[in-house]
Amino acid sequence: MSEVCENWTQWLKQNRFAGQTPEMIEQTIKWLEAVRDVILVYAEIQPHETILDIGTGTGLLAFKALELQNCKGNVIFSDKFQDCLLDCQRILDQSCINEGYQMLLCPCEHIALPDSTVHKALMRSVLVHIVNKQPAINEIYRVLKPGGKFCAFEPIISSNTRYWEILDPVYIDKYEDFKKAENEMMENPLDSLCNFDQNTLKMNLEIAGFSNSDVKLQEVKSNYVVQEGMVAQWFNNPPSPGQPTTKERYMKYFDEGAVDKFISDAQKYLTGREISLKTNAVFINATK
Ligand SMILES: C[S@@+](CC[C@H](N)C(=O)[O-])C[C@H]1O[C@@H](n2cnc3c(N)ncnc32)[C@H](O)[C@@H]1O
């Protein structure tokens, strides 16, 4: 039922673009680079510092940090999953880069580094995949040197535009039931994707001990015309490897036939229409 997604490298290179047109993919890549650049401006990286990229994935932040340091510092590519580190290492090998970095395989809830050893900790879209965010933020605080900075970006999915908001009850079977189910899913405290917002993150940072923590909410509005097949892609693509797809999430509330009907009603209603989606996110800039 769900698209096969073996690991994070595959998700980052393929699955995250599911349901996007080539123009949208190009826009997404530009947006990722813009987010990366904001995080790095916040981080004020200096040449000889130790920089920890937590949940590096395909190395979006770490590769740029390495470039900014001209390979003269120590950029730590860290991830819970080996496939990510192997892929980053492969790229470094191909580019004959063999200094200024190290690989660290560990979950961010147990970072395999001594206390107070990192100047800057960077992160993008990792906490959103962790149910209990406090232990991870405590660990980041622990490994930072006094005065060190934690600079990050996380999507705030709970306040994004919901499906029911872009649909018309007249054209959707069981619209009210699906609306109720979606609202309930978005308030599930055990779902890492939506069990937090800017206020809970601010609280997590304060509890961890950060003396100065700025959590800036950013709301992005994007408009585009829905294409044939796009809704099925939204529903059949996992938000991360091994996680249930949106369709599977709805199947906790409805049988498969009802979910398929909802998807097909939504597709019929939306195809060719211009929709406006709100996507919220935060930039974190915190100092130990
Ligand atoms: C959405 S990707 C983001 C990757 C990268 N930071 C970027 O901006 O492209 C999430 C990353 O978090 C990693 N990850 C998930 N859970 C983790 C955990 N508990 N500890 C460390 N990394 C984790 C995944 O392996 C994946 O690389």
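**View 1. The lining of the second largest pocket.** Fourteen residues line the second largest pocket, and R16, I29, L32, T58 and L60 lie nearest its centre. A pocket is an open set of points on a 1 Å grid over the protein atoms alone, with protein on both sides within 12 Å along at least five of seven lines; lining residues have an atom within 4 Å of a point. This is a predicted model: local features need pLDDT of at least 70, side-chain atom pairs need 80 or more, and totals for linings use all residues. Residues are numbered from 1 along each chain, and side-chain values use heavy atoms, without hydrogens or water.

**View 2. Helices around the second largest pocket.** The elements giving two or more residues to the lining are α1 (8–13), α2 (22–43), α3 (60–68) and α4 (82–94). Helices are DSSP runs (H or I, at least four residues) numbered from the N terminus. α2 gives the most, with four residues.

**View 3. Residues around the ligand.** Of the 19 residues around the ligand, G55, D79, C108, E109 and R124 come nearest. Near means a heavy atom within 4 Å.

View 4. A polar contact is a pair of N or O atoms within 3.5 Å. A polar backbone atom of G55 is 2.7 Å from a nitrogen atom of the ligand. For C108, a polar backbone atom is 2.8 Å from a ligand nitrogen atom. R124 places a polar side-chain atom 2.5 Å from a ligand oxygen atom. The protein covers 97% of the 590 Å² of accessible area that the ligand has on its own (Shrake-Rupley method, 1.4 Å probe).

Technical notes:
A polar contact is a pair of N or O atoms within 3.5 Å; within protein, one must be able to donate a hydrogen and the other to accept it, and residues adjacent in sequence count only if both atoms are side-chain atoms. On a 1 Å grid over the protein atoms alone, a cavity is a set of points where a 1.4 Å probe fits but cannot get out, and a pocket is an open set with protein on both sides within 12 Å along at least five of seven lines; lining residues have an atom within 4 Å of a point.
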